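Please keep the sequence and the model in view while reading.

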Amino acid sequence: MDVDRLKTIPLFSSLADDELRRVAPLAVERSLAEGTLLTNGREELLLIAERRIGNLGPGDYFTPGATVVATSPVRLVALDIDAARRLALT
C-alpha cells in the first residue's frame, strides 16, 4: 500500500514517513459492495478507509470475531494482527 494513502487514514496519520514505510508493505486495501456481510474471522485488523459500515466510519476498525454489514460501498485496509504486533514492539 502507498505511504501517501496510509496518511489519509486517521489511525496512521500521525506516523512519521519512516514508520509509514514499515507499515505500507503489510497493509492491503480491499473494496466491499453495499450489503456485504463481513465476518472478521481472520487474524487481521480491519480499518475503514472510506465510507461507512453500519455506524462505523473512516478511521474506525474492527478485530477478529466482529461481524458487520456494509451499509454503502466501502474501502478497508487489512493489517495482519501478528505483523501489527511486531511493528508495535519495534
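In what follows, buried means under 20% relative accessible area, exposed means over 50%, and partly exposed is the range in between, computed with a 1.4 Å probe on protein chains only. The structure is a predicted model, in which local features need pLDDT of at least 70 and side-chain atom pairs count only at pLDDT 80 or more, while totals for chains, interfaces and linings use all residues. Residues are numbered from 1 along each chain as its sequence is written, and side-chain values use heavy atoms, with hydrogens and water left out.

**Salt bridges**

Side chains of opposite charge can pair when their charged atoms come close. A salt bridge is counted here when a side-chain nitrogen of Lys or Arg lies within 4 Å of a carboxyl oxygen of Asp or Glu. The search of the whole structure gives six salt bridges. Among them are the following pairs.

| Pair | Closest N to O distance |
|---|---|
| Asp4 and Lys7 | 3.8 Å |
| Glu50 and Arg5 | 2.9 Å |

Helices (H or I, at least four residues) and strands (E, at least two) are DSSP runs, numbered from the N terminus. Asp4 and Lys7 both belong to helix α1 (residues 3–7), where they are three residues apart, about one turn of the helix. Asp4 is exposed, at 52% relative accessibility, and Lys7 is partly exposed, at 33%.

Asp17 is partly exposed, with a relative accessible area of 35%.

Where do the partners Glu50 and Arg5 lie? Glu50 sits in strand β3 (residues 44–50) and Arg5 in helix α1, 45 residues apart, and the pair links distant parts of the chain. Glu50 is partly exposed at 34% relative accessibility, whereas Arg5 is buried at 19%. Through salt bridges with shared partners, Arg5, Glu29, Glu50 and Arg75 form one network.

**Ser72**

Ser72 is found in the loop between β5 (67–69) and β6 (74–80). Is this residue buried or exposed? Ser72 is buried, with 15% relative accessibility. Leaving aside residues up to four places away in sequence, Ser72 touches Leu32, Ala33, Glu34, Arg51 and Arg52, a contact being heavy atoms within 4.5 Å. The C-alpha atoms of Ser72 and Thr36 are 8.9 Å apart, and these residues are 36 residues apart along the chain.
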